[in-house]
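The sequence and the model come first, then the notes.

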Amino acid sequence: MKAAGTGKSPGGRAKKASAAPDVRFVQGNEACVQGALYAGLNFFAGYPITPSTEIAEHLAELLPRKDGVFIQMEDEIGSMCAVCGAALAGAKAMTATSGPGFSLKQEAIGYACMAEIPCVIVNVQRGGPSTGLPTKVAQGDVMQTRWGTHGDHSIVVLTASSVQDIFEITVEGFNISEIYRTPVVLLFDEVVGHMRERLIVPPQGELSVVDRLYTEVKAGVNYHPYLPREDGRLPVSDFGGVHRYNVTGLFHDIFGFPTENPDQVNKLIHHLVDKIENRAHLLARWKEYHLEDAEHIIISYGASARSARHLVEGRRSKGDRIGLLDLQTLWPFPAQLIREKTAHAKNVFVVEMNMGQITTQVKQAVVTPNRVFLVNRMDGMLVTPTDIGTVMRTVEGRGF
Amino acid sequence: MALKNYIRERFFPHIWCPGCGHGIVLNALLHTADTLGLERSSLCMVSGIGCSARISGYVDFHSMHTMHGRALACATGLKLARPSLNVFVPMGDGDATAIGGNHFIHACRRNIDLTAIVLNNRIYGMTGGQFSPLSGRGIVATTAPYKNIDEPFDIVNLALGAGATFVARTTAFHVREIASLLKQAVQHKGISVLEVLVQCPTYFGRKNKEGGAVEMMELYRDHTAPLGSAKLAENPSLIPRGVFRSEERPEYCEEYAKVIARAKE
């Protein structure tokens with residue numbers, strides 16, 4: 001008995017297919033590539049950086065075989081810009097990087113937020129700040145994914161703790177970027193990016209794949225590229241199609257033309273934030289283990305969640321009432337989910353490889369923030385079950 | 001097709017100052033599109049930030065007004081994803097050679113089929129008259145109140161050195177030459193770089209005592225000469241105008257199609 005439950009996945013499994021399973025033994029970075037191709041990726045622009053480079057290398061090999069475009073740009077900024085351009089031309093576009101490159105991409109990520117360009121940005125985290133620890137694990141970019149680009153905005157950030165989960169969350173990431181016309185960040189870390197595990201690639205059709213929603217407005221009729229439908233979605237027309245319109249990073253009206261009209265500015269900023277923040281419950285993805293009767297709940301994500309799970313399974317077998325919430329959506333922060341899941345917990349331990357970036361959010365979400373404890377490790381090494389156990393014993397008054 | 005069909009009349013009047021040279025380039029661009037009979041839905045304009053970047057809003061093309069300096073990088077992705085589009089990239093001098101300098105040299109090197117137009121007014125106009133990498137020594141700007149000490153780039157030489165396959169220069173005074181060079185640039189397969197010297201009477205002209213728009217354009221008339229002309233031979237200190245390079249080299253999108261073919265072998 002391992003997984004007590006899995007977070008809802010509105011995409012879900014569309015239908016059962018009967019073909020022989022495609023089983024591989026691959027790195028997380030390669031699972032991300034496979035997930036992206038499964039979701040229909042046909043444009044990748046990147047720049048070499050450790051520890052995400054394998055994503056670019058695999059796509060350089062695989063994309064041309066599928067008539068897709070791979071381009072190695074002159075820098076990280078250019079890669080993100082090329083992704084924006086390609087997405088407007090109709091491509092499902094992605095880039096991949098790590099901390100230093102992610103910093104450089106922030107300008108164009110903000111552009112994609114403002115212009116509502118669907119795209120996916122992979123950040124395989126390494127130690128920071130600055131050049132930091134290029135080959136070592138960390139989870140220090142959590143807040144940067146949320147607030148890295150300037151100005152109020154909202155963004156979706158997903159993560160995963162296993163190779164299989166990386167595949168599935170990558171497909172989800174593309175789907176969410178299409179539905180909400182937003183950049184989606186896939187925030188992995190050096191350990192999950194480089195570790196090898198079994199990956200079962202489901203037959204095409206088993207996982208649902210969301211394609212771009214196109215406008216039904218006919219040629220010659222006024223098309224309003226930035227007039228959301230009642231459900232908040234923006235049906236698009238590709239560059240090169242029958243509708244010619246303007247896209248800008250300035251505040252704009254329903255034609256996409258720049259405006260400083262206070263009413264229009266106010267409306268747009270609320271639309272950009274609300275379309276994501278108001279759907280936090282729909283966008284929450286997670287995995288949970290033994291939470292029903294848990295007195296001690298660990299909240300973790302990415303590689304840290306693997307150590308947490310090892311500890312939880314070990315202690316459960318000894319009868320401890322302990323459980324794990326493995327978050328897959330970091331932003332919009334699933335505060336309601338965490339409040340519900342921890343309602344009956346005595347203690348909440350947040351395990352992450354940073355100074356408490358998600359811990360701060362958890363403290364704001366729960367009823368008793370003084371029972372929330374950070375377990376972290378900041379030396380480039382993976383946080384271990386022993387690290388977690390040590391903190392737990394201290395909190396429980398059982399000494400070291 | 002009537003010229004007005006190439007513009008979005010709804011968004012006029014434009015934001016440029018009286019006497020600005022940018023409208024002259026826009027006019028030449030519309031004439032070029034009309035002369036070549038280009039279909040609007042096959043046209044795309046990708047621009048950065050600054051006065052020149054606003055051109056993209058006024059043309060009835062697919063238009064992407066991007067970030068400062070990033071137009072060529074955005075255009076590269078767009079063109080590769082949809083090679084059938086005819087992509088124009090108007091840029092200012094600061095846009096193209098300062099903040100966008102890296103994208104500029106690499107777009108030249110890559111020889112992707114884009115028409116890059118550098119509207120060189122030697123000043124940052126939108127932000128109120130700061131010196132640019134094209135201002136040159138001795139120029140007065142709001143950020144060079146005691147005269148500029150920065151050596152300038154030469155856009156033509158920069159583009160030639162970076163490997164652009166079509167490189168030309170003209171000025172806002174030479175209206176028909178702009179249209180004629182633009183026509184050649186559009187028809188050229190690969191990256192085309194056209195530098196147009198444009199007057200900014202508001203900031204450059206006023207600060208540097210070059211007078212108004214008319215006087216500044218007279219300077220373009222008097223201080224430039226066509227490549228190969230007797231006038232230029234007699235006075236090599238004049239700024240040469242014309243086509244500096246027009247050569248065939250493998251174009252990036254076509255080369256990428258070959259990558260696809262090799263990958264499928």
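This is a predicted model: local features need pLDDT of at least 70, side-chain atom pairs count only at pLDDT 80 or more; totals for chains, interfaces and linings use all residues.

Residues are numbered from 1 along each chain as its sequence is written, while chains are lettered from A and ligands numbered from 1 in the order in which they are written.

**Contact between chains A and B**

- In chain A, 35 residues are in contact with 35 residues of chain B (C-beta atoms, placed from the backbone, within 7 Å).
- Elements giving two or more residues to this side of chain A are strands E3 (43–46), E4 (69–72) and E10 (246–248) and helices H3 (76–88) and H4 (99–115); helices (H or I, at least four residues) and strands (E, at least two) are DSSP runs, numbered from the N terminus.
- H3(A) supplies the largest share, nine residues.
- By class, this side of chain A has 22 nonpolar, seven polar and six charged residues. Ala, Val, Leu, Ile, Met, Phe, Trp, Tyr, Cys and Pro count as nonpolar, Asp, Glu, Lys and Arg as charged, and the others, Gly among them, as polar.

**Strand pairing across the chains**

- E10(A) and strand E2 (residues 62–65) of chain B run parallel, joined by three bridges; strands pair if DSSP finds at least two bridges between them.
- Thr248(A) stands opposite His65(B) in E2(B).

**The sheet in chain A**

- Seven strands form an open sheet with mixed pairing, in the order E4-E3-E5-E6-E8-E7-E14 (chain A).
- E4 and strand E14 (329–331) of chain A are at the edges with a single partner strand each, so one side of each has no neighbour in the sheet.
- Strands E7 (residues 156–158) and E8 (residues 183–189) of chain A pair in the parallel sense over three bridges, with Val156(A) opposite Val184(A) in E8(A).

Terms used
Two residues are in contact if their C-beta atoms, placed from the backbone, lie within 7 Å.
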